[in-house]
Amino acid sequence: MSSALTKAKGFKKSRAGTYLSIGTTAFGALSVVKQARTARSEHDTLRLVDAVVSGVAIVTGVALLLRELKRLGDDDVLLG
């Protein structure tokens, strides 16, 4: 079992794992957009604030993942 866990951690730090994380984070953004639209149509300020905070968290998460991709690219000998 520890071998599978080690492989999973290795995948998380790989380019493919990082791209997958970006994709799932972007998919979560769709939910936040839907939440914001609903909040605006219902004039629900608290839900709108929640959507904005969630959106900021998503933007920050994607920025961190892009930084990780750049770091992985810098470590790649073939990329220079």
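## Ground rules

Helices here are DSSP runs (H or I, at least four residues), just as strands are E runs of at least two, and they are numbered from the N terminus. What you are looking at is a predicted model: local features need pLDDT of at least 70, side-chain atom pairs count only at pLDDT 80 or more, and totals for chains, interfaces and linings use all residues. Residues are numbered from 1 along each chain as its sequence is written, and side-chain values use heavy atoms, with hydrogens and water left out.

The pLDDT is the predictor's confidence in each residue, on a scale from 0 to 100. The protein averages 84, and 78% of its residues score at least 70.

## Helix α2

Helix α2 covers residues 15–41, which makes 27 residues. From first C-alpha to last, α2 reaches 40 Å, close to the 39 Å expected at 1.5 Å a residue; that expected span is 1.5 Å times one less than the number of residues.

Which residues of α2 are buried? They are Gly17, Thr18, Ile22, Val32 and Ala39. Buried means under 20% relative accessible area, exposed means over 50%, and partly exposed is in between (1.4 Å probe, protein chains only).

His43 sits in the loop between α2 and α3 (45–75). Its phi is near 55 degrees, a positive value in a residue other than glycine. His43 is also exposed, with a relative accessible area of 71%.

## Salt bridges

How many salt bridges does a search of the whole structure find? It turns up three, counting a side-chain nitrogen of Lys or Arg within 4 Å of a carboxyl oxygen of Asp or Glu.

Let's begin with the one inside α3. Arg71 pairs with Glu68, their closest N and O atoms being 2.7 Å apart. Both lie in helix α3, three residues apart, or about one turn of the helix. An α-helix has 3.6 residues a turn, so residues three or four places apart point the same way. Arg71 is partly exposed, at 37% relative accessibility.

Arg47 has two partners to look at. With Glu42, the closest N and O atoms are 3.7 Å apart, and with Asp44 the N to O figure is 3.7 Å. These shared partners join Glu42, Asp44 and Arg47 into one network. Each member is partly exposed: Arg47 at 44% relative accessibility, Glu42 at 48% and Asp44 at 26%.
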